[in-house]
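Work through the exercises below with the sequence and the structure open. Each task is followed by a solution in steps.

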Amino acid sequence: MTLSFDPNTISLPVGHFIGGRLVPAKAVIDMHRPSDGRAYAGCPLADEALVDHAVETAGATLKTSNWGGVRPRERTSALQRWADLIEAEAETLARLEALSSTRPVGQLVAGDIAVTAEQIRFFAEFADKEGGDLVPTDDENFGMIVTEPYGVVGAITPWNFPLSMAGWKLAPALAAGNAVVLKPSEMTPFSTLYLAELSVRAGLPAGLVNVVLGDGPTTGTVITGHPGISKVSFTGSTAAGAAIMANVARTGVKPMTLELGGKSPQLVFADADLELAAGAIAGSILSNAGQACVCGSRLIVEAKVADALVTALLSRLAAIRPGPTWEETTDYSPVISERQIARMDGIIRAAIDGGAECLTGGHRLDRDGYFYAPTLISGVTATSPAVLEEIFGPVLTIQTFEDEEEALSLADHPAYGLAAGLFTRDLSRAIRLTRRLQAGTVWVNRYGRSRDHILPTGGYKQSGIGKDLGREAYHANRKSKSVLISL
């Protein structure tokens, strides 16, 4: 299978996807390809009237199809057919995703797309296996806790993993019996539009999955504040999450799941397998050029092995193969935009001006597009902007410690608590520290998610509210009702 393609000949779905069809719209937001910086398309901007139309369509489809009230196995079967079709159309999805995003096409079919199909199958099985409970009462009463779909779920996904994040939102919401109005990022909408088209081809009721395009301030604000939206699910920055909470508070009250920013530490002890640690840490920074909320961007290493670990990291970072996302051999991604390049470079410059040392990188790569060299920064303090701010790029800071208490103190970020990595051969230490690390996910002697979708993801502190993935995500898309019957 050859996945490389000519980016200038690919056909793009244009418009919003509402009621099972593409709705034409005027392109108002210029789009640039990260791999070469060229303007190539325009993203429509959904206004209040169009969002109203999408929400009304979703609500009407729930009623006419009785999606939330059919035999649960029917939902399971429909979602499984959708997963099958996603795998069958993997090449088309990969080309659409690679064109506008930072995801190399060679990594998409076996990676993001296969995982998205797996996630849909995983949640599909909950439809007829998770229900209410009979609860103990006295002999004169009969108590139940029943669960029901919310109705129309409003979902907003980021640009860094467009298909995967759409799967995170759509799969549990649909399995739980809801309809969805989803806004993908205005920078990476095309694969999500095609994903929605495939849902109808797979037999899901037209109007159950609706995709409206636009930016956060306009379209996103209308979705999160819409009275017809019963629940909000968002993945993105902490600042955007705070704005969503404020908007929901202004317009009413509704439940929400927010998976937000991170500044995740990776703790390496002297007894760790340093080659294993170096591979995992480098992989975290190089994968998608560090553009992931769980990116392990703070290395906290025991002083006695710091030099050896840094040497191993430098050799791995030097082996990158940057290239356009539409070439199959590319293994190092561009940064999403010129604006993000400038922001990242500004944080690095500020850290160096504050006394930090750049061991490698710290500059833009000399090629077309938005490519930035993998960067290691040492000599940072706890107040350095490179330590405090979520950079969202291929930048790793290095701090050293002498004992466990100092390691934990350095790991405890004042704002974020999304994920953490821990490398040690000492099982007692591993158990002891996983209990004390302030993070929603802790990986030991590895870094990054597996395909075990049963493990939920979500953060502490300002890294979010609620969980995606796992059993928790399914239950977060159903509301509970207590029933007491007198006998």
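**Exercise 1. Place E259 in the fold and describe its surroundings.**

Step 1. E259 belongs to strand β11, residues 256-259. Helices (H or I, at least four residues) and strands (E, at least two) are DSSP runs, numbered from the N terminus.

Step 2. The model is predicted: local features need pLDDT of at least 70, side-chain atom pairs count only at pLDDT 80 or more, and totals for chains, interfaces and linings use all residues. Residues are numbered from 1 along each chain as its sequence is written, and side-chain values use heavy atoms, with hydrogens and water left out.

Step 3. The relative accessible area of E259 is 1%, so E259 is buried. Buried means under 20% relative accessible area, exposed over 50%, and partly exposed in between (1.4 Å probe, protein chains only).

Step 4. Not counting residues up to four places away in sequence, E259 touches W168, F234, T235, G236, C293, L418, R449, T457, S463 and D468. Contact means heavy atoms within 4.5 Å.

Step 5. An unreviewed UniProt entry annotates E259 as "active site". UniProt positions are given in the numbering used here, feature names are shortened, and annotations may be inferred rather than shown by experiment.

**Exercise 2. Is S191 buried or exposed, and which residues is S191 in contact with?**

Step 1. Find S191 in helix α6, which covers residues 190-201.

Step 2. S191 has a relative accessible area of 1% and is therefore buried.

Step 3. Its contacts, leaving aside neighbours within four places in sequence, are L93, L96, E97, P162 and L163.

**Exercise 3. Which residues make the nonpolar surface patch, and where is F142 found?**

Step 1. L134, F142, I485 and L487 make a nonpolar surface patch of about 420 Å². Nonpolar side chains (Val, Leu, Ile, Met, Phe, Trp, Tyr) are joined within 5 Å, and like charges within 9 Å. Accessible areas come from the Shrake-Rupley method with a 1.4 Å probe; for residues, only the protein chains shown count as cover.

Step 2. F142 is in strand β6, residues 141-149.

Step 3. F142 counts as partly exposed because its relative accessibility is 35%.

Conventions: Patches are made of residues with over 30% relative accessible area and no salt bridge: like charges are joined within 9 Å, nonpolar side chains (Val, Leu, Ile, Met, Phe, Trp, Tyr) within 5 Å. A salt bridge is a side-chain nitrogen of Lys or Arg within 4 Å of a carboxyl oxygen of Asp or Glu.
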